Amino acid sequence: MLSTQGAWAAAYTDNIVPVGSVGPGTRGCTTDPDGGDGSVNCLTDNATVYYYMDSSGAFELETPDRNAVKSTMSNEYAPTQLVIHYHTNPVFSGRGETDIVYQEGSKNLSENSLGVTWCNDGSDPDLAKFECDQQYVRIRGNGVYDTSIACHETGHAVGLVHGANASPSKGNEDPKLGCMIRTGWNNDLGANNVTNINAVY
Ligand SMILES: [Zn+2]
């Protein structure tokens, strides 16, 4: 007989907020300063994800950077419960802002970070405790911007955390965490992350 393991099989580990140190008893998602404060604890505000890639100015994505984001969105995130749209006319104020804004640059990144994700607007009163209306992803240029780091930072923007912050806790380099491994190269979202995303959205 075949066992019936599939989309609703238990996750290897719970690595999507609220979890662990950003669990149900904690403060929830807050608006961060530019470049973030090192905490990553927000969900995007619903399953329909509009994203935008900076197309001019200091944080503009060049073609290889854009291709990395487009690839991870279509190959890794679109097959999940998330519904991915590119936002040709991004919204930066009010309620219903563009969900994820991608930048290329190093401003305010800590020395050892290749990229960072932060919440730009966690303050709207109708948002649930762990939801953010708009998150920013900033990734260094000069060859750093690739599908592996784009997959990783996008994971943070939809609420995924590193292995050490998961429940049960796992190593930060556990290969079952797919592109959410902390260092090394993996551009595959992977079954555990997909299961957690699909459980929340
Ligand atoms: Zn990370």
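The dialogue below takes up the zinc site, a helix and a strand residue.

Q: What kind of model is this?
A: This is a predicted model, in which local features need pLDDT of at least 70 and side-chain atom pairs count only at pLDDT 80 or more, while totals for chains, interfaces and linings use all residues. Residues are numbered from 1 along each chain as its sequence is written, and side-chain values use heavy atoms, with hydrogens and water left out.

Q: Which residues are the protein donors of the zinc ion?
A: Donors are N, O and S atoms within 2.8 Å of the metal (3.2 Å for Na, K and Ca); water is not among the atoms, so sites may look incomplete. Here the NE2 atoms of H152, H156 and H162 lie 2.0 to 2.1 Å from the zinc ion, and the spacing along the chain is H-x3-H-x5-H.

Q: Is H156 buried or exposed?
A: Buried means under 20% relative accessible area, exposed over 50%, and partly exposed in between (1.4 Å probe, protein chains only). H156 counts as buried because its relative accessibility is 4%; H162, at 11%, is buried as well.

Q: How many residues of helix α2 are buried?
A: Helices (H or I, at least four residues) and strands (E, at least two) are DSSP runs, numbered from the N terminus. In α2 (residues 147-157), 11 of 11 residues are buried, among them H152 and H156.

Q: With which residues is M53 in contact?
A: Contact means heavy atoms within 4.5 Å. Leaving aside neighbours within four places in sequence, M53 touches L61, R66, V69, K70, Y86 and Y102. M53 belongs to strand β2 (residues 48-53).
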